[in-house]
Amino acid sequence: MDRSITSAVYQSIMISLPTFDMDLSGRRDTRFLPAGTKSKFPSIPVPMMPSGFNLLRPRPNCSIQIFRVSLQEDFKAPHHTHTQPNDDYVAAANNNKIRNRITTTRRKYRGGSCIPSILQALQNSDCDNIEEALKPWMHKISPQEQTIILIEQPTWEKALALFKWFHMQEDYKPNVIHYNVILRILGRAKKWEELEDCWAQMTKQKDELLPTNNTYGTLIDVYGRAGLKSEALHWLQHMEQQGLQPDEVTMNTVVHMYKKAREFAQAEEFYRKWSQTHRPQRAFTYNTLIDMYGKAGRVGECSNAFSEMLKSGICPDTVTFNTMIHICGSHGYLEEAEVLMNKMVEIGCPPNVMTYNTLIAMNAKNNNIDMALTYFTRMKQTGVRPNIVTYRTLLRVLCGKHMIREAESLVQEMDELGVHVDDFSRPVIIRMCIEMGLLMKAWAWFERFRLLGGISSRSYGAIIDAYGEMGYWLEAEKVFGYSCETERGARQSVLEYNVMIKVYGIAKHYDKARRLFESMDNEGVSPDECTYNSLIQMFAAAKLPDDAKCYMIKMQEAGFVPSCVTFCAVIAVNSSLGRAMEAEDTYKEMLKMGVEADEVVYGALINAFAQVGNVEKAVHYFQIMQDRGFVANCTVYSSLIKVYRKVGHLREAQETYEKMKNLGEGPDVFATNCMIDFYSDAGMVSEAESIFNDLKQVGQANEFSYAMMVCLYKKIGRLSQAIEIAKEMQELGFLTNKLSFNNVLGVYAAEGRLREATEIFQQMLKVKISPDDITYKTLGTILKKGGLPMEAVNQLEIARESGIPYSMQALIVTLYSMAGMHEEALEACEQLKEIGLELDVSAYNAAIYAFGSAARIDEALKMFMSMKTKGIEPDVATYTSMIISYGKAGLIEGVKRMFNKMKYEGFQPNESTYRVVIDAYKSAGRLDLAGLVTQEMQFTKSLKEQKH
């Protein structure tokens with residue numbers, strides 16, 4: 001099991017949960033379920049908590065031991081070494097801690113404090129009337145009260161106006177805490193000019209007012225949070241130039257900034273240097289380190305930091321445990337996460353809603369649904385009230401697993417508690433019903449949410465998409481229509497249009513997509529880049545390059561530059577259709593617009609010219625691709641081999657194939673098949689056999705590989721080997737297309753194995769693969785080799801070419817009869833009679849031949865008499881078929897009578913007819929008659945030769 005953690009995995013666990021960086025308070029929601037409320041959710045037994053907390057053992061094949069210390073020992077006597085924060089520290093701490101202090105101060109002054117009255121007065125005044133609002137308390141507000149009042153201002157404008165008013169008072173003494181507060185307020189509001197003015201004003205008073213550690217920490221924090229890392233580092237450098245070393249709070253701020261930028265090495269190096277002269281005194285330092293290592297995927301360092309925290313006597317808080325639980329969950333250590341949660345309770349640090357949300361989310365992610373529901377039950381039993389994130393997480397997993405009864409029970413519980421299904425969860429519920437085919441229920445949920453209101457454009461788009469992906473474009477269209485009837489106004493957003501266009505594309509309703517796009521301007525909705533990209537790629541996927549090009553032009557006229565992916569889609573569709581010049585024109589336009597081509601674009605161009613056999617252009621773009629530093633992959637090399645194959649450049653193809661061998665994945669099947677085909681044409685049998693055997697060894701040989709080897713062996717006359725390969729194809733199930741069937745059919749026909757060839761043709765018909773000209777040519781060879789008179793073969797061919805509806809059935813009847821498959825032939829004969837159309841002579845001949853071959857002379861004679869009754873005159877093939885019928889039945893008189901009648905009717909027997917008669921006499925032991933017919937045949941042949 002890979003224990004490395006990636007950003008994507010970590011973020012997937014963190015989805016929908018508040019981050020530790022945003023709220024370090026770890027405060028527990030103490031609200032309880034209403035008295036007497038009973039959950040409708042299925043009750044799940046809560047497992048017993050472990051009594052001890054020993055070393056957590058690593059999993060099998062795990063190279064990292066998660067916790068290397070015995071928590072049972074470390075938690076025996078935790079001692080707190082926290083220092084009491086002074087006013088300067090409080091001013092620089094995060095907003096949550098500041099507000100906690102304000103709340104405490106308000107309670108302290110509840111009896112006689114003027115702060116509530118001042119705040120109320122300021123709330124009722126604007127920035128220009130501050131002096132009037134504070135007139136009753138002129139010269140009566142202490143510096144501490146000034147700090148609280150500053151912090152409590154709702155806007156940066158009022159805070160700055162109040163700060164300036166304080167400065168204008170005669171008895172005001174400059175206070176670094178006040179500067180720290182206003183700098184933080186302005187920085188959080190990203191008012192950099194005002195912030196720099198305050199900083200300049202502060203530095204002018206350097207004799208009586210010096211920036212402190214917390215001043216610089218505040219500046220580093222606000223610039224770092226705004227993503228201005230270089231400016232934040234400038235303040236850090238300025239701080240060090242003033243002889244100030246970062247304290248613990250400032251160090252945490254810098255580490256957090258690096259962590260946010262995912263520069264974990266820099267964060268760790270900064271902490272390492274700081275720790276050489278300092279020792280962490282607070283839990284939040286270790287929380288920051290653990291979180292940093294967790295985000296970096298360094299589980300071992302997380303364990304070390306946690307261990308060091310315990311050994312230093314600093315008691316973990318809720319944030320510490322929540323962070324460690326997160327990291328365990330991210331790596332699949334579910335048992336360790338459970339033990340950590342139990343230890344929280346044991347040391348008096350009860351889990352909060354964030355703890356349970358994390359445990360529920362990580363178990364859901366690992367498909368441990370029962371355990372996720374167990375934590376949900378335990379959460380409510382311990383008095384921690386689930387929040388919207390809890391319900392959202394559970395609904396997502398239950399709906400994803402199509403657990404519809406449990407999901408509906410959960411929604412019912414939410415209804416009873418007055419908790420509404422949020423905007424994120426609504427499309428998830430509807431999608432579940434759609435995927436389960438419960439369309440009426442899905443629509444009922446949609447109607448409920450629509451009547452409740454508050455469906456955002458994003459959710460409408462998700463619901464439309466859910467219907468569209470399952471092919472229900474009419475329902476998607478209906479939801480799209482409702483989306484303009486909400487409290488958001490009469491216009492949909494561009495998002496809903498984009499999704500609806502996508503739905504039409506999936507349903508192949510391209511005209512509807514066009515009309516919807518054209519209606520956007522009338523509805524006051526401007527298409528965005530995504531709209532054009534969707535249309536272009538939709539038409540490209542539909543093999544409509546001209547339409548794709550049209551919308552690319554419209555996109556440019558609208559001021560958007562198509563992305564490389566969009567250009568590539570247009571190039572690729574032109575390439576697949578053999579429109580190499582159009583693909584090249586699109587590429588040139590792409591470069592003119594300043595869009596850099598990537599390896600996929602060059603691959604599409606090379607393939608475009610390979611399709612049309614233009615080797616010079618294909619090699620030209622391959623060279624450009626290499627010059628620009630792109631590494632060719634199998635697809636590119638395969639395209640080159642394809643074009644070399646078309647123009648017959650064997651040496652270049654061999655060189656390219658050798659290059660493919662040096663790639664990690666080696667040559668692909670397409671390129672190898674091309675080389676087999678190339679070697680086959682060149683008569684290089686050993687080379688073809690070598691790479692074919694290589695393909696077989698790695699299990700990559702496909703139907704084309706086998707078909708080409710069959711073709712090769714047939715071409716050089718090694719029919720036994722060709723038949724061996726053909727049998728392998730049948731056993732492996734590789735007869736799946738016209739090429740493979742034709743090749744196998746051809747080799748059986750060449751070897752004269754008529755039964756096997758006919759069975760292959762029968763299989764071809766069963767899988768509904770239509771025969772082509774090559775198939776019919778091979779079937780003609782089979783019929784001739786089987787001894788069918790040339791007249792009969794020609795009749796069947798003429799009937800097929802004339803488009804006679806029953807011509808295929810007549811051919812099948814004849815073929816089955818010749819191969820000795822009499823039951824199948826007679827069944828096909830019955831189908832021929834049931835067609836309900838007037839049959840021609842070729843169809844009657846096929847039926848007579850079938851009955852005769854099966855020794856059913858009565859049915860053959862009936863068919864013969866029936867055709868004469870219907871005015872269809874027998875021909876040479878008819879009489880020959882009747883002679884075969886009598887011969888099979890051993891009726892010598894019938895053979896003699898039909899042979900004489902044929903000559904009496906004016907038909908000159910051909911060689912096929914003579915041989916049929918001779919074979920019939922020989923089979924009956926009448927060698928005398930066979931000798932007479934033989935003499936007649938030779939005499940007739942001699943006369944023909946004399947005439948010529």
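**Helical organisation and aromatic pairing in the predicted model**

Of the contacts in the protein with a separation of 6 or more, 66% are accounted for by residues 24 or more positions apart, a contact being defined by heavy atoms within 4.5 Å. The structure is a predicted model, in which local features need pLDDT of at least 70 and side-chain atom pairs count only at pLDDT 80 or more, whereas totals for chains, interfaces and linings use all residues. Residues are numbered from 1 along each chain as its sequence is written, and side-chain values use heavy atoms, with hydrogens and water left out. The secondary structure comes to 52 helices and 0 strands, where helices (H or I, at least four residues) and strands (E, at least two) are DSSP runs numbered from the N terminus. Of the 948 residues in the protein, 51% are buried; buried denotes under 20% relative accessible area, exposed over 50%, and partly exposed the range in between, with a 1.4 Å probe and protein chains only.

The mean pLDDT, the predictor's confidence in each residue on a scale from 0 to 100, is 82 for the protein, and 87% of the residues reach 70 or more. Among the elements, the lowest mean pLDDT, 31, belongs to helix H1 (residues 7-14), and the highest, 95, to helix H23 (residues 425-435). Over residues 1-102 the pLDDT is below 50, although this stretch has 220 contacts in the model beyond near neighbours in sequence. Residues 104-109 likewise stay under 50, and for them the model has 4 contacts beyond four places in sequence. Where pLDDT is low, the predicted coordinates should not be read in detail.

Histidine 178, placed in helix H9 (residues 176-188), is buried, with a relative accessible area of 1%. When neighbours within four places in sequence are left aside, histidine 178 is in contact with Pro143, Gln146, Thr147, Leu150, Phe163 and Tyr172. Histidine 238, in helix H12 (residues 229-241), is instead partly exposed, with a relative accessible area of 22%. Not counting residues up to four places away in sequence, histidine 238 touches Trp199 and Tyr216; tyrosine 216 is 22 residues away in sequence and 8.6 Å away in space, C-alpha to C-alpha.

Helix H13 (residues 248-260) has 13 residues and reaches 18 Å from its first C-alpha to its last, close to the expected 18 Å, the expectation being 1.5 Å times one less than the number of residues. This helix is mostly covered, with 12 of its 13 residues buried. At the N-terminal end, H13 is capped by aspartate 247, a side-chain oxygen of which lies 3.3 Å from the backbone nitrogen of valine 249, and the helix is followed by arginine 262, which has a positive phi near 60°.

In helix H28 (residues 510-522), the buried residues are Tyr510, Ala513, Arg514, Leu516, Phe517 and Met520. These residues lie on the same side of H28, because they cover an arc of only 165° around the axis, as given by the directions from the helix axis to the C-beta atoms. What covers them includes helices H26 (473-482), H27 (494-506), H29 (529-541) and H30 (545-557). Glycine 524, with a positive phi near 75°, follows H28.

Rings of Phe, Tyr and Trp (its six-membered ring) were paired if their centres lie within 6.5 Å, with planes under 30 degrees apart counted as stacked, over 60 as edge-to-face and the rest as tilted. By this rule the count comes to 32 aromatic pairs. Tryptophan 443 and tyrosine 467 form a tilted pair, 6.4 Å centre to centre with 55° between the planes; because tryptophan 443 lies in helix H24 (residues 439-452) and tyrosine 467 in helix H25 (residues 457-469), the pair ties together parts that are 24 residues apart in sequence. Tryptophan 443 counts as buried at 17% relative accessibility, and tyrosine 467 is buried at 0%. Phenylalanine 899 and tyrosine 914 form an edge-to-face pair, 5.9 Å centre to centre with 70° between the planes. Ring pairs also link Tyr510, Phe517, Tyr532, Phe539, Tyr551 and Phe560 into a cluster.

Technical notes:
A polar contact is a pair of N or O atoms within 3.5 Å; within protein, one must be able to donate a hydrogen and the other to accept it, and residues adjacent in sequence count only if both atoms are side-chain atoms.
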